[in-house]
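Work through the exercises below with the sequence and the structure open. Try each task before reading its solution.

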Amino acid sequence: MPFAHITGWGISVPEPILTNDDIAKMVDTNDEWIRDRTGIRERHIAREDQSTSTLAVEAAIKALQVANLAPTDLDLIIVTSSSPEYIFPATACLVQDQIGATKAGAFDLLAACSGFIYAVNMAAQSIRSGSIKNALVIGSETLSRFVNWKDRNTCILFGDGAGAFVLQASDQPGGVLSAVMHSDGSGADSLTLLGGGARHPATELTVHEGKHFVQMDGKAVFRFATRVMGAATKEALELAGLTTADVDWVIPHQANFRIIETAAKYLKMPMDKFVVNVDRYGNTSTASIPIAAVEAVEKGQLKAGHKIVFVGFGAGLTWGALAAEWTGPMPAKKHVHPEQYRLFARLRSLLRRALRYIEGLLSRREL
Ligand code: UT7
């Protein structure tokens, strides 16, 4: 049975930064309250010309560059997002088109902030089963578009960004070692974005009632998160035949510093084993784990051979954890330039659209 290795990674974070002091000009809050209760100092907010798919594409190209893999070699693209480009088509299909992944299947996965763990596990299991060889998993968010900037309970928390992993099959042991995925829909109303779906299609009333914004019972989510983070980490480690003593890094969903501290206490692990960057990004939902992982690689903390655990929780309610041995790029046979495929992808996409247009004209004439 092949192993599923993480061989490429990349992130894309919009440059504009919104500090706590900036938010204090919009709602009744202050820097001290936000830092004390959440650990967040600032977050990145997408420019108008950026969106969930554009950030996803940038992160994807970087991940393919690290893996030295051509987009045409991808078999599967999974995008997970709490702020997808549209209800449909899937953001994954937009990415597929823009990077020129001509052979890949593509779909979106919705498990809120646990999405990246779920998606990496789905890609890894597809590789382990032998049905595919190369997968791209992306967590991408522009949650700033769904935040009510008049609601101090939520607007202080979220930020924008994207992170991507390439997963590849190999006979060498390592890569994704185990994963657990959980859900409890009885807590569905704790964290919601209700408007625009089948139950509450967009109307003037849904806009007026704020149904197109994130709504959250912060305390309920906090209680749930502190209950499940440590337990899920232990569960994934046990499945992989590991203990906390074997772990080099825990890379948790970055929602709140106090939640991460509680998990560390539960696991009796020192905080310096936890990768934490919530102070600079806020909660980027599905993107928070890959952004933290890539930063740890770039700082030289996370290295090949390290044993790691990703752990997260989110709306649904969902939660999960995944244990892995960090690998790195596979030995290269030749050097590929994934970014060059973008130009061809754009041309191909334009040609296909033109052909479809002409086909439409011709079929109308035939009628
Ligand atoms: O990916 C999952 C996403 N969600 C989460 O991870 C959220 C988990 N929950 C949390 O992180 C915390 O519950 C919050 C940071 C959202 C809130 O912290 P808290 O310690 O649970 O505060 P609270 O909601 O109990 O509010 C305490 C007080 C209230 O005032 P009163 O009623 O005690 O007078 C709030 O009105 O703080 C007030 N408050 C604020 N004050 C200043 C709430 N938000 C703010 C604010 N600035 N931004």
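## Exercise 1: The second largest pocket

Sort the lining of the second largest pocket by residue class. The lining divides into 12 nonpolar, 9 polar and 6 charged residues. The model is a predicted one.

Next, give the volume of this pocket and find the residues closest to its centre.

Step 1. The volume of the second largest pocket is about 660 Å³.
Step 2. The lining has 27 residues, and W33, N153, L157, M216 and G218 are the closest to the centre.
Step 3. Two or more lining residues come from each of helix 2 (31-38), helix 7 (218-239), helix 8 (257-267) and strand 12 (307-314).
Step 4. Helix 7 gives the most, with 4 residues.

## Exercise 2: The ligand

Which residues come nearest to the ligand? Then look for polar pairs between side chains and the ligand.

Step 1. There are 21 residues around the ligand, and T29, R37, R152, K219 and N256 come nearest.
Step 2. Start with T29. One of its polar side-chain atoms lies 2.6 Å from a ligand nitrogen.
Step 3. Turn to K219. Here a polar side-chain atom lies 2.7 Å from an oxygen atom of the ligand.
Step 4. Check W33. An N or O atom of its side chain is 3.4 Å from a nitrogen atom of the ligand. W33 is also among the residues closest to the centre of the second largest pocket.

## Exercise 3: The setting of S190

Is S190 buried or exposed?

Step 1. S190 sits in the loop that runs between strand 8 (175-183) and strand 9 (191-192).
Step 2. Its relative accessibility is 10%. Buried means under 20%, so S190 counts as buried.
Step 3. The S190 side chain reaches the backbone oxygen of G187 at 3.0 Å.
Step 4. Set aside neighbours within four places in sequence. S190 is then in contact with Q215, M216, D217, A220, V221 and L317.
Step 5. Compare this list with Exercise 1. M216, a contact of S190, is also one of the residues closest to the centre of the second largest pocket.

## Exercise 4: The largest pocket

What is the volume of the largest pocket? Describe its lining.

Step 1. The volume is about 880 Å³.
Step 2. Of its 31 lining residues, S81, S82, P84, L110 and L193 are the closest to the centre.
Step 3. Strand 4 (76-80), strand 5 (105-109) and strand 9 each give two or more residues to this lining.
Step 4. By class, the lining has 18 nonpolar, 11 polar and 2 charged residues.

Definitions and conventions:
Residues are numbered from 1 along each chain as its sequence is written. This is a predicted model: local features need pLDDT of at least 70, side-chain atom pairs count only at pLDDT 80 or more; totals for chains, interfaces and linings use all residues. Side-chain values use heavy atoms; hydrogens and water are left out. Buried means under 20% relative accessible area, exposed over 50%, partly exposed in between (1.4 Å probe, protein chains only). A polar contact is a pair of N or O atoms within 3.5 Å; within protein, one must be able to donate a hydrogen and the other to accept it, and residues adjacent in sequence count only if both atoms are side-chain atoms. Contact means heavy atoms within 4.5 Å. On a 1 Å grid over the protein atoms alone, a cavity is a set of points where a 1.4 Å probe fits but cannot get out, and a pocket is an open set with protein on both sides within 12 Å along at least five of seven lines; lining residues have an atom within 4 Å of a point. Grid points are joined across faces, edges and corners, and a volume is the space filled by probe spheres set on the points. Ala, Val, Leu, Ile, Met, Phe, Trp, Tyr, Cys and Pro count as nonpolar, Asp, Glu, Lys and Arg as charged, and the others, Gly among them, as polar. A residue is near a molecule or strand if one of its heavy atoms lies within 4 Å of it.
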